[in-house]
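This briefing goes through a protein model, topic by topic. It is meant to be read with the sequence and the structure in view.

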Amino acid sequence: MPTPLPLTNGRLSDAQIKSYWEDGYLFPIPIMPGEEAQKLRAELEEIEDHWQDADLPLPLNTYKRVNAHCVMPMAYRIGADPRILDVVEGILGPDIMIYAVEFFIKEPNTRHKVSMHQDLTYWGLGAVDGLVTAWLSLSPATPASGCMDFVKGSHKNPILPHEDTFAEDNLLSRGQEIKVDVADADKVPIEIHPGQISLHHGLTIHGSGPNTTDDRRIAAVIRYCTPDVKQLIGDIDYAMVARGEDAAGNFTHFDPPSTLFAPEALALYEDMRTAQAKVMMAGTKAKKGLYA
């Protein structure tokens, strides 16, 4: 098990920040006690139990997988956690926006994988430095359970060509895979445990294998950006101010949800999903929607 990185008053050191910018990622970073992360997992699984067969407009998995912070208070609570923001501030500075929160789950003993890709490929935001992903482990993420693999220094590339596969065992929206051969020797396994996070740049090449264990691999994934990031392709995009202020005004703001799947939140969610799908699914003839 990798040794957790020491924080100084909950913040990254200059050396750790330098390491992030050199490698394109940083891990494992302790954020909360493992017991607290396990309680978050229990809260998520209780929501799954109560809402799986509810009469929602879309499958529950879609709400978990895309913009969960719009309809699930616990997702916003995780994204706005000051302990995570303290760490992210070392990368993005004092003005931080929540671009997305999602729950990424691999069920036990399944074939599902994530092909090697760059996050920013289809988001319409360009090849920016001002976006970082914090990946909070709610259950052990190990090589056996399908933890992420990162390619060191790959964030120094531009957005590289990708190929859509739409493979049934691929958890990405388009099954997108970078059209570059990545040797196994170049992959760094990002093992983290409940309560720890990893950080990675939006251009870092990464992917993950299947979960071969008897437990679910559960993560809360938060995409943070600076206010100067903007949508370059779509007509509108959404974000929430988590810390500091938004002096740029490039995003439409919205309030965090007060209850689970409230009607007004579901309506906003559909507006967001429709706008982002036009960008993320642009150029493909597939009829599959955005995590439909």
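Ala134 sits in strand 4, which covers residues 131-137. The model is predicted.

- Ala134 has a relative accessible area of 0%, so it counts as buried, the cut-off being under 20%.
- Beyond its neighbours within four places in sequence, Ala134 is in contact with Ile84, Ile197, Ser198, Leu199, Ala220, Val221, Ile222 and Tyr224.
- From C-alpha to C-alpha, Ala134 and Leu85 are 9.6 Å apart in space, while 49 residues separate them in sequence.

**Nonpolar cores**

- In soluble globular proteins, nonpolar side chains tend to be buried together.
- The largest nonpolar core here holds 54 residues. Met72, Phe103, Leu199 and Tyr224 have the most contacts inside this core.
- The element that gives the most to this core is helix 5 (residues 82-92), with six residues.
- A second core is separate and has 14 residues, among them Ala100, Leu203, Ala239 and Phe251.
- Two residues with the most contacts inside the largest core, Leu199 and Tyr224, are also among the contacts of Ala134.

- Strands of a sheet pair through backbone hydrogen bonds, either parallel or antiparallel.
- Four strands form an open sheet in the order 3-10-5-8, and their pairing is antiparallel.
- Strand 3 (114-117) and strand 8 (187-189) are the edge strands, each of which pairs on one side only.
- On average, and with direction ignored, neighbouring strands of this sheet are turned by 25° against each other.
- Three bridges join strand 5 (residues 148-151) to strand 8 in the antiparallel sense.
- Asp149 stands opposite Pro189, a residue of strand 8.

**Aromatic pairs**

- The whole structure contains nine aromatic pairs.
- One of these is the tilted pair of Tyr25 and Phe150, with 5.2 Å centre to centre and 40° between the planes.
- Tyr25 belongs to strand 1 (residues 25-30) and Phe150 to strand 5, so this pair ties together parts that lie 125 residues apart in sequence.
- Tyr25 and Phe150 are both buried.
- Tyr99 and Trp123 also form a tilted pair, at 6.1 Å centre to centre and 40° between the planes.
- Tyr99 lies in strand 2 (residues 96-106) and Trp123 in the loop between strand 3 and strand 4, so the pair links parts that are 24 residues apart in sequence.
- Tyr99 is buried, with a relative accessible area of 6%, and Trp123 is buried as well, with 12%.
- Trp51, Tyr63, Phe261 and Tyr269 make up one aromatic cluster.

**Glu102**

- Glu102 is found in strand 2.
- With a relative accessible area of 8%, Glu102 is buried.
- The Glu102 side chain makes a polar contact with the side chain of Arg65 at 2.7 Å.
- Another polar contact joins the side chains of Glu102 and Arg223, at 3.0 Å.
- Apart from neighbours within four places in sequence, Glu102 is in contact with Lys64, Arg65, Val66, Ala68, Ala219, Ala220, Val221 and Arg223.
- Ala220 and Val221 are in contact with Glu102, and both are also in contact with Ala134.

How values were computed:
Residues are numbered from 1 along each chain as its sequence is written. This is a predicted model: local features need pLDDT of at least 70, side-chain atom pairs count only at pLDDT 80 or more; totals for chains, interfaces and linings use all residues. Side-chain values use heavy atoms; hydrogens and water are left out. Helices (H or I, at least four residues) and strands (E, at least two) are DSSP runs, numbered from the N terminus. Buried means under 20% relative accessible area, exposed over 50%, partly exposed in between (1.4 Å probe, protein chains only). Contact means heavy atoms within 4.5 Å. A nonpolar core is a set of buried Ala, Val, Leu, Ile, Met, Phe, Trp, Tyr and Cys residues joined through side-chain atoms within 4.5 Å. Two strands pair if DSSP finds at least two bridges between them. Axes are lines fitted to C-alpha atoms, for helices over the stretch in contact, and angles run from 0 to 180 degrees between N-to-C directions. Rings of Phe, Tyr and Trp (its six-membered ring) pair if their centres lie within 6.5 Å; planes under 30 degrees apart count as stacked, over 60 as edge-to-face and the rest as tilted. A polar contact is a pair of N or O atoms within 3.5 Å; within protein, one must be able to donate a hydrogen and the other to accept it, and residues adjacent in sequence count only if both atoms are side-chain atoms.
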